Every structure is written in C-alpha cells, then in structure tokens.
Amino acid sequence: MKNQVYIFIFLIISFIAFRSLHFVEVLNFSFDQGHGFTHILEMWRNKEITLVGPASSISADNKQLLQGSIIYYFMLVFALLGKFDPIISSYIFMLFSSLGIIPLYLGMKKLANQKVALLMVILYTLLPMFIDYTRFFFGPNFLIPLSTILIYLMGLYKQKHKDVYLFFIFAYTGILMQFHYQLAIVLSILFIYYSLKVKLWIPVFPSMKLRVNTGMTKPLLIMIRGFCVGFSPMILFELKNQF
C-alpha cells in the first residue's frame with residue numbers, strides 16, 4: 001500500500017510538472033472555448049437550467065444533433081474555481097486530470113495486473129497526446145480523465161461480479177456519452193464484450209448465427225437500464241420535444 005501511494009505521488013507530480021511547462025504559451029482557448037465560457041457565464045448569472053448542451057457537427061433534416069448539458073455544468077465547476085479566468089480555470093482542469101492516475105491504476109490492476117496498470121498510468125502521464133489534451137477545455141478532452149473512472153468500475157465488476165457494478169458501468173457510459181457521441185463506439189464495444197461475458201448470446205449451428213439466451217436476459221436489462229439512467233437528460237429532452 002505504501003508503494004502505491006509513492007507511485008501515485010510521483011506520477012501526479014510528474015503529470016503536473018510536464019503540463020505546467022509553458023502552460024500559458026500553449027494554452028488553447030479559441031472560439032469554441034470562448035463561446036462555451038461566455039454561455040456558462042450567462043447561465044450562472046441568469047440561474048439558467050438546461051437539459052441540452054452545444055450542437056454537434058452532425059445534422060439531419062436541417063436539425064443539429066445536440067450534446068448533453070453536462071458539458072456546461074462540468075466546465076462551470078472549473079470556471080467558478082478559477083473565477084472565470086481562462087488560464088486559472090484551465091490549470092485547475094489539468095490538476096483534476098492528474099487525479100485520473102488513481103482510478104486508472106486501480107482499475108487496470110483489477111482488470112489485468114500491476115505491471116499493465118503501471119504501464120497505462122505512465123502512458124497517461126507522459127504520452128504527448130495526453131499531455132496536449134488534458135490541459136485545455138474541450139468536450140472530448142473531458143472524456144480523457146473521466147474515462148479512468150469507467151476503467152475502475154470495469155475493474156470492480158471483474159473483481160466482485162455484482163449486477164450493481166454492471167449497472168454503474170453502463171450508467172456512467174451514458175453520462176460520458178453526453179460529452180461526445182464518439183462514446184457510441186465505446187458503448188457498442190462494452191455491450192458486445194459484456195454480452196459475451198455473461199453468455200447473453202449463444203451460437204446456433206450450423207450457420208453459427210447468434211441468438212439471445214433467454215435465461216440470461218437480466219444482464220441485458222441491467223445494461224439498457226443503466227445506460228438510460230445515465231443518458232436520461234437527453235432522453236427526456238427528446239421526449240419533451242417529440243424527437
């Protein structure tokens with residue numbers, strides 16, 4: 001346990017140190033970030049509550065696909081802590097991102113082993129891509145530190161194999177999907193992985209097609225309910241506006 005604490009301290013300090021170098025000079029705070037900051041400042045002043053966030057680049061029938069309002073509220077936390085100063089707020093977000101080392105390490109240790117866990121946190125700390133995208137505000141960037149909690153939940157489910165952790169995995173994935181719809185890929189992978197894990201699908205010979213194992217539909221309902229809970233603000237918005 002002592003060794004783990006020392007590892008966390010060393011890596012967190014390294015994480016912060018590498019990103020603090022020339023932090024102001026390389027800070028990305030352009031149109032999207034400025035527009036988002038202006039909007040959440042207006043929300044804060046007007047005590048406004050919203051179910052939806054900014055529009056994504058995807059559109060159909062002249063309607064843009066909206067993202068979740070969680071983006072605004074998540075950014076608002078750092079904006080308030082930094083008193084709406086872009087530099088201070090962004091730096092606080094970077095400090096928050098450094099804490100992702102802890103759930104990432106613990107989760108990977110449960111999913112694989114200590115060596116793999118250590119490798120993953122070293123990559124998370126030192127890989128240039130993670131250095132660049134964990135020090136400025138942007139919807140997909142938020143997913144980097146937040147996804148470490150998803151890995152930790154997956155580790156808990158593997159270790160304890162309780163339905164409640166399967167529910168949390170998909171509820172949390174629903175929450176993350178509000179940040180960016182690229183999580184649909186992760187959701188699909190998780191659904192296939194855990195469906196096979198609990199033997200939800202069984203092969204039908206000789207065609208080798210898959211059909212539902214009716215005796216294992218409980219995990220399917222848990223996964224669907226979990227996602228619906230996590231994604232509920234967007235589901236409520238679409239129901240309210242008749243899609």
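**Figure 1. Burial and secondary structure of the protein chain.** In this predicted model, 40% of the 243 residues of the protein chain count as buried. The secondary structure of the chain comprises 13 helices and 4 strands. Among the contacts in the chain with a separation of 6 or more, 65% are accounted for by residues 24 or more positions apart.

**Figure 2. Packing of helix H9 against helix H10.** Two packed helices are described by the angle between their axes and the distance between the axes. Here the axes of helix H9 (residues 139-160) and helix H10 (residues 163-177) come within 9 Å and cross at roughly 165 degrees. An angle over 145 degrees counts as roughly antiparallel, and H9 and H10 are therefore roughly antiparallel to each other. The crossing in which H9 passes H10 is left-handed. From H9, the residues Leu143, Leu146, Ser147, Ile149, Leu150, Leu153, Met154, Leu156, Tyr157 and Lys160 meet Tyr165, Leu166, Phe168, Ile169, Tyr172, Thr173 and Leu176 of H10. Sorted by class, this contact of H9 with H10 has 14 nonpolar, 2 polar and 1 charged residues.

**Figure 3. Aromatic pair of phenylalanine 74 and phenylalanine 78.** The whole structure contains 26 aromatic pairs. In one of them, phenylalanine 74 and phenylalanine 78 are arranged edge-to-face, at 5.1 Å centre to centre and with 75 degrees between the planes. Both residues belong to helix H4 (residues 70-81), where they are 4 residues apart, about one turn of the helix. Buried means under 20% relative accessible area. Phenylalanine 74, with a relative accessible area of 14%, is therefore buried. Phenylalanine 78 is buried as well, its relative accessible area being 5%.

**Figure 4. Aromatic pair of phenylalanine 78 and phenylalanine 93.** Phenylalanine 78 also pairs with phenylalanine 93: the ring centres are 5.6 Å apart and the planes stand at 80 degrees, so the pair is edge-to-face. This pair links distant parts of the chain, with phenylalanine 78 in helix H4 and phenylalanine 93 in helix H5 (residues 86-98), 15 residues apart. Phenylalanine 78 and phenylalanine 93 are both buried. A cluster linked by ring pairs takes in Phe29, Phe37, Phe74, Phe78, Phe84, Phe93, Phe96, Phe137, Phe142 and Phe179.

**Figure 5. Surroundings of tyrosine 91.** Tyrosine 91 is found in helix H5. With a relative accessible area of 29%, tyrosine 91 is partly exposed. Residues up to four places away in sequence left aside, tyrosine 91 touches Ile16, Ser20 and Phe23. Tyrosine 91 and phenylalanine 137 are separated by 46 residues in sequence and by 9.8 Å in space, C-alpha to C-alpha.

Figure 6. Most residues other than glycine have a negative phi. Histidine 22, although not a glycine, has a positive phi of about 55 degrees. The loop between helix H1 (2-20) and helix H2 (23-26) holds histidine 22. Histidine 22 counts as exposed, at 57% relative accessibility. For histidine 161, phi is near 50 degrees, again a positive value in a residue other than glycine. Histidine 161 is placed in the loop between H9 and H10, the helices that are roughly antiparallel to each other. At 49% relative accessibility, histidine 161 counts as partly exposed.

Notes:
Residues numbered from 1 in each chain as written. Predicted model: local features only at pLDDT ≥ 70, side-chain atom pairs only at ≥ 80, totals over all residues. Heavy atoms only, no water. Axes fitted to C-alpha atoms, helices over the stretch in contact; angles between N-to-C directions. Helix = DSSP H or I, 4+ residues; strand = E, 2+ residues; numbered from the N terminus. Parallel < 35°, antiparallel > 145°, perpendicular 65-115°, else oblique. Left-handed = near helix turned anticlockwise from the far one by under 90°. Contact = heavy atoms within 4.5 Å. Nonpolar A, V, L, I, M, F, W, Y, C, P; charged D, E, K, R; others polar. Phe/Tyr/Trp six-rings, centres within 6.5 Å; stacked < 30°, edge-to-face > 60°. Buried < 20%, exposed > 50% of the residue type's maximum accessible area, 1.4 Å probe, protein only.
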